[in-house]
Amino acid sequence: MKIREVKPTVDADALLAGAQFADAFGLDVDGHTLDARQAAERMIGRAPRWIDALVTVRNILVTPFGLKTSGAGAATPRDMIGIFPVISQTPDRLVAGFNDSHLDFRVVVDVATHGLGQQVTATTLVKTHNWLGRTYLAIILPFHRLVVRTMLAQVAA
């Protein structure tokens, strides 16, 4: 199993107009049985303990700034995977994420038939709104890449 960074191929303007950051990671899996919802559930529906610990620390640190600690809330759709509200889904693509005062983000999980298997791609889009959003993004980027790779590996597990 090899996870590789790939060029984002999503239409960022259609999914998050004005996004200033985009990255994508891909993984090939055997068979043709996954749809985007199943891949997203494997990827973001459960997290290793060390990632849960990072999220807990993040939530403690951002609460004084009034930032959301998850996508859950009265104004969000009830359909969620992990802490992320599902914005849209088809068999080939699931889009999750939410908007906050400092930044908006989307996680896009695509599944495409590829030879004898499928390619699962996780794309992250971020649109910052202010200095807090830009600072937050700069601080989490080194962790983000490791977290996305780890979470994507769970799709093949």
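Ile 81 is buried, because its relative accessible area is 3% and buried means under 20%. The model is a predicted one.

Ile 81 belongs to strand β3, which covers residues 80–81. Beyond its neighbours within four places in sequence, Ile 81 contacts Arg 37, Ala 40, Glu 41, Ile 44, Gly 45, Val 86 and Leu 94. Between Ile 81 and Arg 46 there are 8.8 Å in space, C-alpha to C-alpha, and 35 residues in sequence.

Strand β3 is part of an open sheet of seven strands, with antiparallel pairing and the order β1-β2-β7-β6-β5-β4-β3. Both β3 and β1 (4–6) are edge strands, each pairing on one side only. Strands of a sheet pair through backbone hydrogen bonds, either parallel or antiparallel. Within this sheet, β6 (residues 103–114) and β7 (residues 117–128) are antiparallel partners joined by twelve bridges.

Helix α2 lies across β3, β4 (84–89), β5 (93–99), β6 and β7. Helix α4 packs on the sheet and touches β1, β2 (21–30), β6 and β7. The table sets out their spans and directions.

| Helix | Residues | Strands involved | Angle |
|---|---|---|---|
| α2 | residues 36–44 | lies across β3, β4, β5, β6 and β7 | about 125° to β6 |
| α4 | residues 131–156 | touches β1, β2, β6 and β7 | about 5° with β2 |

How values were computed
Residues numbered from 1 in each chain as written. Predicted model: local features only at pLDDT ≥ 70, side-chain atom pairs only at ≥ 80, totals over all residues. Heavy atoms only, no water. Helix = DSSP H or I, 4+ residues; strand = E, 2+ residues; numbered from the N terminus. Buried < 20%, exposed > 50% of the residue type's maximum accessible area, 1.4 Å probe, protein only. Contact = heavy atoms within 4.5 Å. Pairing = 2+ DSSP bridges. Axes fitted to C-alpha atoms, helices over the stretch in contact; angles between N-to-C directions.
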